[in-house]
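Hi,

Here is the structure I promised to pass on.

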Amino acid sequence: MNTYLEGGKVILVIPHTEKLGKVQLWDSIRWKVSIPARVFFFNRKVRTEELSLIEELPEESFLEGTIENIGTEGVKVCFNRFVSAREGDSLLLKFEWKGEAFKNILAEIRHVSGSTDRTC
């Protein structure tokens, strides 16, 4: 990459995109994993204080999915089917990782992508 000054500004000459390497676009690093998970969708925003008021949720109301990556700011959970999920809504997440059980983690949906046969 070349640089030069022009009119008191630093100009960067960047090579054509075919010559650029892949760059991490997330704010924090993410690790690829494959961890079975169970998810309950509230279909609305739920506050932490509300959890104690919610009755025990039946296991059959949780959907089976897979955590595909995990990072300091969240996880990516995918389902092998269409799931009606909206950004901003809340969910409960359950999974086991390295012998530790993580149960009823309240989370916010930040991004939804997918198709008729897959939703992340």
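**What I found**

Let's start with asparagine 69, which sits in strand E4 (residues 63–71). Bear in mind that this is a predicted model. Asparagine 69 counts as buried because its relative accessibility is 13%, and the cut-off for buried is under 20%. Its side chain has a polar partner: the side chain of arginine 30, at 2.7 Å. Leaving aside residues up to four places away in sequence, asparagine 69 touches Arg30, Trp31, Lys32 and Val33, and also Gly74, Val75 and Lys76.

Next, the cysteines. The structure has 1 disulfide, made by cysteine 78 and cysteine 120, with the sulfur atoms 2.0 Å apart. Cysteine 78 belongs to strand E5 (residues 74–78), while cysteine 120 is in the segment after strand E9 (118–119), so the pair ties together parts that lie 42 residues apart in sequence. The link between cysteine 78 and cysteine 120 is right-handed, with 115 degrees about the S-S bond. Are these two cysteines buried or exposed? Both cysteine 78 and cysteine 120 are buried.

Last, something on the surface. Leu5, Val10, Leu12 and Ile14 make up a nonpolar patch there, and together they have about 440 Å² of accessible area. One of them, isoleucine 14, is in the loop that runs between strand E2 (9–13) and strand E3 (30–41). Isoleucine 14 is classed as exposed because its relative accessible area is 52%, and exposed means over 50%.

Cheers

Definitions and conventions: Residues are numbered from 1 along each chain as its sequence is written. This is a predicted model: local features need pLDDT of at least 70, side-chain atom pairs count only at pLDDT 80 or more; totals for chains, interfaces and linings use all residues. Side-chain values use heavy atoms; hydrogens and water are left out. Patches are made of residues with over 30% relative accessible area and no salt bridge: like charges are joined within 9 Å, nonpolar side chains (Val, Leu, Ile, Met, Phe, Trp, Tyr) within 5 Å. Accessible areas come from the Shrake-Rupley method with a 1.4 Å probe; for residues, only the protein chains shown count as cover. A salt bridge is a side-chain nitrogen of Lys or Arg within 4 Å of a carboxyl oxygen of Asp or Glu. Helices (H or I, at least four residues) and strands (E, at least two) are DSSP runs, numbered from the N terminus. Buried means under 20% relative accessible area, exposed over 50%, partly exposed in between (1.4 Å probe, protein chains only). A disulfide is a pair of cysteine sulfur atoms within 2.5 Å. A polar contact is a pair of N or O atoms within 3.5 Å; within protein, one must be able to donate a hydrogen and the other to accept it, and residues adjacent in sequence count only if both atoms are side-chain atoms. Contact means heavy atoms within 4.5 Å.
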